[in-house]
Amino acid sequence: MGTLRFILVRLLNFVLVVWVGVTVVFVLMRLIPTDPIEALIGSMTSQGTIMSEAALDEMRRVLSDAFGLHGSIWEQYGRYLYRNFVSFDFGPSFSSFPTPVSELIGRAVPWTIGLLITSTVIGWVVGNVIGLLAGVYPNRRLSKAVEFVAIFVYPLPYYVLALGLSIVLSYTFRVFPLSAVVIGEPWTLQFVWNVIYNSTLPALSIVIGLMGWWVISVKALSSGVQEEEFVRFARLRGVAEHRVLTQYILRNTLLPQVTVLAIQIGLIFSGSILTEILFQYPGLGTLIFSAVVQGDYNLMMGVIQISIIAVAGAIFLVDLTYPFIDPRIRYR
Amino acid sequence: MRSDIKPKVREEQMSAIQHKLFGLAIAAGVIGLVMQAPAAAQTTEVGTPRAETLIVDQLGGTVTSPFKANPYASITNMGQGGNQMAFSPLWEIHTPTGEMFPFLAAEMPKALNDDFTEFEIKLRAGITWSDGESFNADDVVFTAQMLLDNEDIPIRGVVVDNLESMTKVDDLTVRVKTTKPLPRFEKVFGSVIWGPSFRVVPEHVFRDEDVMAFDFYPPVTTAPYVVVDGDPNGNWKLWKKRDDWADSDLAVLNNGREPAPNYILWRFYGPEEKRVLAMAQNDLDVLMDISPDGWDVLRNANPNTEVWFPGFPWANMDDPCERGIHFNTRVAPYDQWQVRWALALATNIVDVSINTFNGMLRVSPLNAPPIQVLMETYHQPMADWLGDFALPDGYKPFDPDVALRIAEWLRADGAEGLPETDEELRALFGVGWWKQDTEKAAELLESVGFSRDDDGKWLLPDGTPWTLFINAPADFEVLSQRLAFAVANVWRAFGVNVEVQQLQGGPFWTNYNTGDYQAGSYWWPNSCAVAPDLFHGLETWHERYVKDVGVSTGNNRERYSTPEISALIDQIVALPSDDPQIVPLWTEVLQELVVGMPVIDMVGTSKFVPVNTTYWKNFPSSENYYEGPWWWWTTFKVIVGEIEPSGS
């Protein structure tokens, strides 16, 4: 019963968080001073189209129907909840009308997940391992060098870091493409190789960008943990050093790191906007940027909602897995 | 001891072998990746021969729905060749002269009656669609009827508004009845700026389709190129020359001359930094609309790159839209001409030009952009009138020597190759602008109740602090964005509290359309024109377009007109574009707009559109002005027909 109650409470929390989140998104989108139809007309006419007022009114009528912007705010909210929780249809994209938002998101999600999960996990693992070793052996020259590099990389603005990598590895040495150009039929060998080739530089920029923080934070945590009495006691008992490192220091160091990792993975669903724009990577970041620029709030709501569900879902899963990582929670 | 040493040696040997294997693996990976990198420019990234491929930057960035080409069913981003290649206009603009010429049509439309409500259109013979079917009157009539019959098509306003019927006379002749007199038929149904509103689609492809559900991809086109491949993520699209290119519209227009590129690749590399790098390493032949700073980097990195002029001021100055500060004239205090004129006289236009685009701009005191043809038609002929123009109290605000002062500043800054004579300098930097006279500006403000506080800041007539908000585009239209900040600086120095609000496209246009703004660094449509007949843009100053604040409009968003302007426009719309009365009448409209000053027009638009001559030559330039560098317009095809391989 205790376990069931534990799960049910957290499930209820999850549902509540998602509902509050999507409602806030709905309200916020209506507060943005953008009318998607006026934005579209402005954008079209700025390219050279001149229409009479009658023609513009006709266009407004057609687009209002097509965009589903008719009815009171409550009717729109009702349709919004139905679309999002029952039919899972976010409606048409205003800027790419009549393409459905779900199609655009479906196309972008695999790219973002592929890039960001891989690079986040690699950054997390490598950063934590290096940070742990640097924390446990703080006086070694290599540890000091690693800490110096991490402290140097961490405050670098991501844009500068990524552009610097581009200049060195795409312009000066032409090892990687300047921006993603994927060719080949989906899931052929050529396509897969192309995706890996095109993703390497963006992934590298994320790994380097993230590693600085992981190294610094784990080094600080592990330095503290290894001064704890239970570690000292284990060493005095003659426990092998690698066991002390992995079973005593690492496990206690990892707890906060796992939480941050879970939140980071959840945030992946809103995309890494700078990375994707800089490398023209076709993921959710590029999509949400274009939605914001063009006032496409169906698309904005779709991407943000996916992100809300992902973050809430990741925290829900972390809540459920905590007892396995930390016995103290299990005992409580 | 020996037994202790041996395993260690073995471990060291193993370690060395592992290291070598690891090193080899890394080296193999790196070499593999290097081989994947663009192979020394022999081929493009998509595998076409580089020397046969024209690579063009995608204006507008990534296309989110790249596999939709139906121009009527979807709000399609046309920047991957849709506008430039897929849909040719019946009549096209020749931007150097502002004159129109027949493109799909064989001749200019012939009016069949005196009130311009019936026309005959002759189509070019010998054009085929890319699937081999003939282009003929059936396609034109079908397109018109499809638009008239389908209420769900969002982009059909021009046709519904103007067209009563269109009928086929024979395969190459169409007869048209309009809903109202239309002496500018070719301008309404052709392409004046960017592209046409009426795009002919193939009848044999569309007739059995539901137009609103049809993607029309790959598009069937009359152009010499067809889409052969594309990126589902919208970052590139490849067009290939048709085998039957001789039957395409461009080849027929050019008397059978073959366009040189075998492939045209539209490619988007990302932010300006990336696009500049791409051209620097010869991965782009045409680069759209970059900043002067980007051009500085590029010309130093790649000596084969060129822009419009071979030296200062580098940029093309003939973009058909000029920039300035537009006012919502229905919102106090900007509903008073004294306030708008005071702000004009508080402006140091030399500082604004320098701080916006390093002085590489042509100033404009008129509501007609200072492009070459309009400089000759309006700016230079009106210079005497501008000099004599006086405010109601007799004050003459015009300063004819602005160009000389801009040149003086530029020379002091090290610019070389500037013209020597005053006349040449005025031709380059503009005929003049309004004086900066802060005393007169203060007098005008005080005349309508403004006052200053102890710090010299201006107060509104009710005694509250005056804060002026200027809307500016954020991260697009860089010239308008920079202009807003440059203007804000000079007005702040005059004591006005100015806030620049940078807005993304959505709120930027929404506020403009609904009148929810005070002032903005806007430009469209009533600061745009490309021909001596300023109709396409300035007709919107008529009072019929003026709406109340809160009521959306897509035209006169300054909500300004006068009975005099409306009466003049009424006379103009009844005349054809080539009537001798057109220029004198528009001259009077421009004079009325100077008097009322609903827009403080400031500078023409300078466009940096670099081209790369490594693989292609004979691009348009100031010394080879056969067409403007408007690669995102339908005039793209005309340029493609002229360029030649450079032999690299």
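1. B:His326 has B:Gly520 of strand E19(B) as its bridge partner. The model is predicted: local features need pLDDT of at least 70, side-chain atom pairs count only at pLDDT 80 or more, and totals for chains, interfaces and linings use all residues. Residues are numbered from 1 along each chain as its sequence is written, while chains are lettered from A and ligands numbered from 1 in the order in which they are written.

2. Strands E12 (residues 323-327) and E19 (residues 519-520) of chain B pair in the antiparallel sense over two bridges. Strands (E, at least two residues) and helices (H or I, at least four) are DSSP runs, numbered from the N terminus. Two strands pair if DSSP finds at least two bridges between them.

3. An open sheet of five strands in chain B has the order E18-E17-E19-E12-E20, with mixed pairing. Its edge strands, E18 (497-503) and E20 (599-603), each pair on one side only. Strands of a sheet pair through backbone hydrogen bonds, either parallel or antiparallel.

4. Helix H18(B) lies across E17 (467-473), E18 and E19 of chain B, at about 125° to E17(B). Axes are lines fitted to C-alpha atoms, for helices over the stretch in contact, and angles run from 0 to 180 degrees between N-to-C directions.

5. H18(B) also supplies the largest share, nine residues, of the side of chain B that touches chain A. That contact takes 54 residues from chain B and 58 residues from chain A; two residues are in contact if their C-beta atoms, placed from the backbone, lie within 7 Å. The chain B side divides into 24 nonpolar, 24 polar and six charged residues. Here Ala, Val, Leu, Ile, Met, Phe, Trp, Tyr, Cys and Pro count as nonpolar, Asp, Glu, Lys and Arg as charged, and the others, Gly among them, as polar.

6. Chain B is divided into domain 1 (225-316 + 609-645) and domain 2 (323-522), with bounds from an automatic or database domain assignment. Their C-alpha centres lie 34 Å apart. Seven residues of domain 1 are in contact with eight residues of domain 2.

7. In helix H9 (residues 292-301) of chain B, B:Pro292, B:Trp295 and B:Leu298 are buried (20 or more other C-beta atoms within 10 Å of their own, C-beta atoms being placed from the backbone). These residues are on the same side of H9(B) because they cover an arc of only 115° around the axis; the arc is that of the directions from the helix axis to the C-beta atoms. Their cover includes H8, strand E11 (305-306) and helix H11 (349-357) of chain B.

Notes
Buried ≥ 20, exposed ≤ 12 C-beta atoms within 10 Å, placed from the backbone.
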